[in-house]
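Please read the points below with the sequence and the model side by side.

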Amino acid sequence: MTIKFGTDGWRAIIAEEFTFANVRMVTQAVANYLQDEKGPGEVVIGYDNRFLAPEFAAAVAEVLTGNGFTVYLPSRAVPTPVTAWAIKKYGALGALMLTASHNPPAYSGLKFIPDYAGPAVPAITEAIEKEITAVMEGGTIKRLELAEARQRGLVKELDPREAYLEYLQGLVDVAAIKQARLKIVVDPLYGAGLDYLDEFLQRAGCQVHTLHNYRDPLFGGSLPDPSARGLSELAWQVRETGADLGLALDGDADRFGVVDRDGTYLTANEILYLVLAHLLFHRQYRGPVARTVATTHNLDRLAAAHGLEVIETPVGFKYIGEALRKHDCILGGEESGGLSIRGHIPEKDGILATALVAELRAVQGRSLKSILADLQERHGRLVSRRLDLKVAPDVKARVLKELPDFTPARIAGVPVTGRLVVDGVKFILADSSWVLLRPSGTEPLLRLYVEAPGDERLHLLQEDIISALKI
């Protein structure tokens, strides 16, 4: 058995590989890493609403306290961004978060969040993987029964909700939201974001109707994924109740989903565009903008109009988080639904993101589609799509072998003006279109991202790339 501990930690099927024995083993590896790098101190534990999550969290606590660490252990689920924020609040060495994010219900996961409260960079995860190997090859797993750990004062209760909601008021224009008296439908998708976003908005004077606001480890028989497909009920409720907005979170509340008042789902790229415009025009923020190589160039157009730098990173919020930390970016975002801003932790936060959407809707006093149409009229329109191409392993291997030498002069008849290899291969075209092809790290998939001035052009680019590489 191999346990890979990447940025999103280790994910596996419960009772198959995600067992109590393996959770203790991975926790021991993290404990070894922390002892080598940091010495004694406090560690935050968080978990989502998946099956056996509180029990797995207790197992993590037993190993950490067995290694001499003091732990903050919650009695209910805590969102990933709130767990990360708690590291800063309590001055902890880091956090262990039990979550499989928006994966299917059969999965659980465990990841380490370092003391800077953002995703672990590769150097850290590689060091932890080495420790996992050492423990698997015969290392000792130290463990202290939870009752005894409590007696020794090594377990502190953790309930960060009130403190986080109060902190969030300092990041969001609550006065503007109160004045607008918005009607909002909230869908935490049975996840760790229960009683966070809906409570924040109610306190901000909104009329809130909440869906799926109880723990269900089966997530209603679906995925805790705030995609267009996953939010059909939210869209229906928004239309049915005449709400101004529908706002959703994924299973651990680090990603967001947004539905406009007519039930239209807005993509993460469109929301990033709207939020950046709001930060620039309403808040007068100035500074660099960070986005992944797969994220919309609409952000570049807005940044260029204000003379701002855009930092392009590989895919993964760990790189966005690093840019936020090192370059004081005003916004960092990724097309898969991750967002954070200057002044917040360098971790994606769906609660903050959706609260900012409520703020911009309150300030503008009109639909998100209307605001977006104005931006497109001023800066031009770019349409984005991602295709996940399921291919046989041999086809994936062949395409990846051919990609380094794949240098077309034109794609769908338009000259190629740039070629980037930040992550996968990305082609910039003369008409502002771009195409990115990169492999999935874990599945027999090739991900094809295309952005173009219109849908017809976008489809032509998709077809030309698929044909040229015989996918």
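1. Helices (H or I, at least four residues) and strands (E, at least two) are DSSP runs, numbered from the N terminus. Over residues 162-263 the chain is 31% helix and 19% strand, with 31 Å between the end C-alpha atoms.

2. Please keep in mind that this is a predicted model, in which local features need pLDDT of at least 70 and side-chain atom pairs count only at pLDDT 80 or more, while totals for chains, interfaces and linings use all residues. Residues are numbered from 1 along each chain as its sequence is written, and side-chain values use heavy atoms, with hydrogens and water left out.

3. Both stretches in point 1 come from the record: an unreviewed UniProt entry lists residues 3-135, 162-263 and 269-377 under "domain: Alpha-D-phosphohexomutase alpha/beta/alpha". UniProt positions are given in the numbering used here, feature names are shortened, and annotations may be inferred rather than shown by experiment.

4. Helix 10 (residues 268-281) and helix 13 (residues 350-364) have axes that come within 10 Å and cross at roughly 60°; axes are lines fitted to C-alpha atoms, for helices over the stretch in contact, and angles run from 0 to 180 degrees between N-to-C directions. That angle makes helix 10 oblique to helix 13, given that angles under 35 degrees count as roughly parallel, over 145 as roughly antiparallel, 65 to 115 as roughly perpendicular and the rest as oblique. Contact means heavy atoms within 4.5 Å, and here it is made by I271, L274, V275 and H278 of helix 10 and by L356, V357, E359, L360 and V363 of helix 13.

5. Which residues of helix 10 make the contact with helix 11? The axes of helix 10 and helix 11 (residues 298-305) are 9 Å apart and the packing angle is about 15°, and the two helices are therefore roughly parallel to each other. On helix 10 the contact is made by L272, Y273, L276, A277, L280 and F281, and on helix 11 by N298, L299 and L302.

6. Helix 1 (residues 20-37) and helix 2 (residues 53-66) cross at roughly 40°, their axes coming within 9 Å, and are therefore oblique to each other. The residues in contact include F20, V23 and R24 of helix 1 and E55, F56 and A59 of helix 2.

7. A search of the whole structure finds 11 aromatic pairs, where rings of Phe, Tyr and Trp (its six-membered ring) pair if their centres lie within 6.5 Å, and planes under 30 degrees apart count as stacked, over 60 as edge-to-face and the rest as tilted. One of them is the stacked pair of Y72 and Y90, at 4.5 Å centre to centre and with 25° between the planes. Y72 lies in strand 3 (residues 70-74) and Y90 in helix 3 (residues 80-90), so the pair ties together parts that are 18 residues apart in sequence.
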